[in-house]
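Please look over the sequence and the structure before reading on.

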Amino acid sequence: MMGNVSPAAKHAVLCFSLSCFVFIVSLFSSSVLGFTSELWALTYWGPGLYFCLFNFVLRYSLKGFTYDVAVRSAFLGSVFATGLYFATYDNSYHIFGLYAMAFSMFHFSEFLSVALTNPKTLTVDSFILNHSVQYWVAAVSSWVEAAIENYFFPDMKTVFWLSHIGVVMCVVGEVMRKMAMFTAKTNFNHLVQTVKSPDHRLVTHGVYHLCRHPSYVGWFYWSVGTQIILLNPICVIIYTLVSWTFFRERIFAEEMFLISFFGTQYLDYQKKVGTGLPFIRGYIPGLNGAW
């Protein structure tokens, strides 16, 4: 499969893996070799220095789009490895490690999934790291809440069984979304399509037989799951409400175009299969534009 993928995607896998490997070796060195003052520097300063060196090599060996992809992949690989290290702790660092791993894999797998299923649309934006200002405001807000609660109520961040439920939600959401991407293939796009392309087909098989918008369902539960991982009660509520509102409006707009593209074929599909998200009906003509 990788033989048919763009060189940028291959660089992405290589850089993610190398960065992850280097960080794992550095961070886990004291666990394997025993703690010494010299290994303290290797464990905590080494990863940062290695990443700077790695970025320097990438900067002068790759150019343009390939470099942009490689450096983002290396960054996500380092985040995953750091998360794996913190996940081995038996204190509040554990949940931050789990969150970092979920965050890293979501964004890296988005790029890789597009590379494998719809390479002609592959761009740096396929990482969706620059999804929107609102996305990063939400992410930073969750980090701030987690940090404040960890400082004032440290015991609150050690309910690991609940955090692990969030991990399950993220895994299930990831699988759901990626199944949608691999099922739809070239029919999947990160942007709502307002013009029907000649090769656009209505996909109703596989995971789309279970719900009309499996990629949105997966992203919804992944986003809420990240806040359960962090044990953020405030952001769990806010993420649920904001994500639900966002996907309600997105589905409404998208289905208006899908009906214009496929007509009765999509209307029949609507009658048989739900959206997959609670209390969201989508755009149904004749019902006053009901959500």
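The model is predicted, so local features are taken at pLDDT of at least 70 and side-chain atom pairs at pLDDT 80 or more, while totals for chains, interfaces and linings use all residues. Residues are numbered from 1 along each chain as its sequence is written, and side-chain values use heavy atoms, with hydrogens and water left out.

**Helix α7**

Helices are DSSP runs of H or I with at least four residues, numbered from the N terminus. Helix α7 spans residues 133-152, 20 residues in total, and its first and last C-alpha atoms are 29 Å apart, close to the expected 28 Å. The expected span is 1.5 Å times one less than the number of residues.

Y135, A139, S142, E145, A146 and E149 are the buried residues of α7; buried means under 20% relative accessible area, exposed over 50%, and partly exposed in between, with a 1.4 Å probe and protein chains only. These residues lie on the same side of α7 because they cover an arc of only 125° around the axis, the arc being that of the directions from the helix axis to the C-beta atoms. On the other side of α7, V133, Y151 and F152 are exposed. The cover over the buried residues of α7 includes α6 (93-117), α9 (214-229) and α10 (233-262).

| Residue | Loop | Relative accessible area | Contacts |
|---|---|---|---|
| L62 | between α4 (46-61) and α5 (64-86) | 13% | H11, Y67 and A70 |

The C-alpha atoms of V207 and M179 are separated by 6.7 Å, although the two residues are 28 residues apart along the chain.

**Aromatic rings**

Rings of Phe, Tyr and Trp (its six-membered ring) pair if their centres lie within 6.5 Å; planes under 30 degrees apart count as stacked, over 60 as edge-to-face and the rest as tilted. By this rule there are 25 aromatic pairs. F86 and Y89 form a tilted pair, at 5.8 Å centre to centre and 50° between the planes. F86 is partly exposed, at 25% relative accessibility, and Y89 is partly exposed at 25%. One aromatic cluster consists of F106, Y216, W219, W222, F246 and F247.

Definitions and conventions
Helices (H or I, at least four residues) and strands (E, at least two) are DSSP runs, numbered from the N terminus. Contact means heavy atoms within 4.5 Å.
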